[in-house]
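Have the model open as you read.

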Amino acid sequence: MRIHIATDHAGLEFSRTLVDHLTNGGHEVVDHGPTEYDPLDDYPAFCINAALGVARDQAAGVRALGVVFGGSGNGEQIAANKVRGIRAALVWSMDTAMLAREHNDANVISIGARQHTVQEAIRYIDAFIAEPFSGDERHVRRIAQLAEYETTGDITGKGVDVDPGEA
């Protein structure tokens, strides 16, 4: 599987360890940066590029997932979720890692490098990669509703308040 990763300065050491771990596990890793420590770097472009890589690969039929890191993981998750077709989940436990895939078919996870040890993060990532999407009808339906909103700004018949400026 191809794994796209990105971080900011807070997760740089995590990403270096992760590249080795994933490569040794047989995955093809695409590192979207940064390549060197800069305490003032900006994570949005790195994380958006990783998410774009996942979206492009999946659209082309390539099995791909993404992992983004930051101090808390919150901003990185927000950045990844700006890419159409990306469902990025903030992961902080084994349950959230597995449920992100099983219920939400998440294709990117975000982890706070200042919130977890490298060993914990690797366990979460391995669980995320290994967990299949359940395919349960209710989850498929909900994911379709999210995709519909992402493309149309509405979810037919669900009472979404449409912004009059967007209508």
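Helix 4 (residues 94–102) and helix 5 (residues 118–130) pack with their axes 8 Å apart, at an angle of about 25°. Helices here are DSSP runs of H or I with at least four residues, strands are E runs of at least two, and both are numbered from the N terminus. Axes are lines fitted to C-alpha atoms, for helices over the stretch in contact, and angles run from 0 to 180 degrees between N-to-C directions. Helix 4 is therefore roughly parallel to helix 5; angles under 35 degrees count as roughly parallel, over 145 as roughly antiparallel, 65 to 115 as roughly perpendicular and the rest as oblique. Their crossing is right-handed, meaning that the near helix is turned clockwise from the far one by less than a right angle. On the helix 4 side, Met94, Ala97, Met98, Ala100 and Arg101 make the contact, and they meet Arg123, Tyr124, Ala127 and Phe128 of helix 5; contact means heavy atoms within 4.5 Å.

A word on the model itself: it is predicted, so local features need pLDDT of at least 70 and side-chain atom pairs count only at pLDDT 80 or more, while totals for chains, interfaces and linings use all residues. Residues are numbered from 1 along each chain as its sequence is written, and side-chain values use heavy atoms, with hydrogens and water left out.

Helix 5 has another contact, with helix 1 (residues 12–24): the two axes come within 11 Å and cross at roughly 45°. Helix 1 and helix 5 are therefore oblique to each other, and this crossing is right-handed.

Isoleucine 3 stands opposite leucine 65 in strand 3, and its bridge partner in strand 2 is valine 29. Four of the five residues of strand 1 are buried, that is, under 20% relative accessible area with a 1.4 Å probe and protein chains only (exposed is over 50%, partly exposed in between).

Methods: Two strands pair if DSSP finds at least two bridges between them.
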